[in-house]
Amino acid sequence: MVTITLLLFYQLCGELLARYFELPVPGPVIGMLLLLLTLLARDALAETMEETAEGLLKNLSLMFVPAGVGMITHFELLGENWLAISIALVISTILGMVVTALTMKLLMRSNRG
Amino acid sequence: MKGEIFQLWVYLSATPLFCLTATLVAYLAAVKIHEYFGFRPIFNPVVIAVTLLVVLLSVTGMDYSTYFDGAQFIHFLLGPATVALAVPLYRQMRKLRMVFFPLMAAILTGIISGGISAVYIAELLGATTETALSFAPKSVTAPVAMGIAEAIGGLPSLTAILVVTTGVIGAIIGTRLFDLIGCNDDSVKGVAMGVTSHGIGTARAFQVSSEMGAFSGLAMALSALFTSMLLPWLLTLMDYL
């Protein structure tokens, strides 16, 4: 219960900050950064939050289901262009992954050496 | 008898309880199927659950907004779950400090290569500018991506679908692709997963290891941050806006 309250509280703080300063960043992301800072200042808190946080993150897939079902509203557009859309998404995803992974790997190696 | 069943359905379809329960049942069934096939990435739980629910909605003729009235309680959990990413991230703090610079550079190059290539390919294959622009934020977590799509003149609802599809694609091909390019560091794999496939990739990354999950979550958060700041500027540079 403490963990759930804290998570919602930090999300709320994040949303308020994002609104007030008109940040392009979503509230929950700011909430995450705020919670991280708090955890760094108070190590014991991580222990308390561990179990609930882990349980929530274990079921992260579930939370994308409602948005995913939204594809039903775009069936026509998707039906006509599914091949082009798939090609664009698959190629750009592969490209993005390879570029990200290789950049990080190369820089980590040169950092060490 | 038939009339009674119809009456019952009228009652059920009007309460959020039905769609909420249906979503949870579909998800649990999807997890079981995923488990049954030995956790093979191709049997992605999101894909299976969405398919089951799309079939349910098509058969019953229920529209999406009625469905979402019930399912929104689950959708809402995305917020607290994003905040909760701070916990595994805190556990990886020591490693994070060590790889901070490579990580930032990797996220930036990943955003640019993934986003821009998607817009180019979509246009090359004949998409209208509006549709092509909807591709640009497809690697960012759904709520942020929709906001960005709106700001750059894409279609937010189309972007939401592209986001979920991209996440699923990344979750399915990710681990195999990393093997293929000889990448075996969980922090590197996590970052590449989070940059391209946001939360759905992160969910997959947590199955591999909590280190990969933590880095994927961080990469997802940072790429949401950077993409919302960089993308409008990049597209202007490319003469799209």
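**Ground rules**

I number residues from 1 along each chain as its sequence is written, and I letter chains from A and number ligands from 1 in the order in which they are written. Since I am reading a predicted model, local features need pLDDT of at least 70 and side-chain atom pairs count only at pLDDT 80 or more, while totals for chains, interfaces and linings use all residues.

**Entry 1: domains**

I looked up the domains, whose bounds come from an automatic or database domain assignment. Chain A has domain 1 (1-58) and domain 2 (68-113), and their centres, taken over C-alpha atoms, are 28 Å apart. Chain B has domain 1 (2-73) and domain 2 (84-237), with 27 Å between the centres over C-alpha atoms.

Next I checked contacts (two residues whose C-beta atoms, placed from the backbone, lie within 7 Å). In chain B, six residues of domain 1 are in contact with seven residues of domain 2. The domain 1 side of chain B has five nonpolar residues, one polar and no charged. For these classes, Ala, Val, Leu, Ile, Met, Phe, Trp, Tyr, Cys and Pro are nonpolar, Asp, Glu, Lys and Arg are charged, and the others, Gly among them, are polar.

**Entry 2: where the chains meet**

I found 61 residues of chain A in contact with 88 residues of chain B. Which helix of chain A gives the most to the side that touches chain B? Helix 5 of chain A does, with 24 residues. My helices are DSSP runs (H or I, at least four residues), numbered from the N terminus. By class, the chain A side has 45 nonpolar, 13 polar and three charged residues.

**Entry 3: a record for chain B**

An unreviewed UniProt entry lists "transmembrane region" for several spans of chain B, including 42-61 and 73-90. I note that UniProt positions are given in the numbering used here, feature names are shortened, and annotations may be inferred rather than shown by experiment. In the model, residues 42-61 of chain B are 80% helix and 0% strand, with end C-alpha atoms 29 Å apart. Residues 73-90 of chain B are 89% helix and 0% strand, and their end C-alpha atoms lie 28 Å apart.

**Entry 4: helix pairs in chain B**

For axes I use lines fitted to C-alpha atoms, for helices over the stretch in contact, and angles run from 0 to 180 degrees between N-to-C directions.

Helix 10 (residues 142-152) and helix 11 (residues 156-180) of chain B pack at about 140°, with axes 8 Å apart. That makes helix 10 of chain B oblique to helix 11 of chain B. Angles under 35 degrees count as roughly parallel, over 145 as roughly antiparallel, 65 to 115 as roughly perpendicular and the rest as oblique. Their contact has eight nonpolar, one polar and one charged residues.

How do helix 11 and helix 12 of chain B cross, and at roughly what angle? Their axes come within 8 Å and cross at roughly 80°, so helix 11 and helix 12 of chain B are roughly perpendicular to each other. The residues in this contact include Gly167(B) and Phe178(B) of helix 11 and His198(B) and Arg204(B) of helix 12.

Helix 8 (residues 100-124) and helix 12 (residues 186-208) of chain B pack at about 35°, with axes 10 Å apart. Among the residues that meet are Leu103(B) and Gly110(B) in helix 8 and Val191(B) and Thr196(B) in helix 12. This contact has seven nonpolar, three polar and no charged residues.

Definitions and conventions:
Helices (H or I, at least four residues) and strands (E, at least two) are DSSP runs, numbered from the N terminus.
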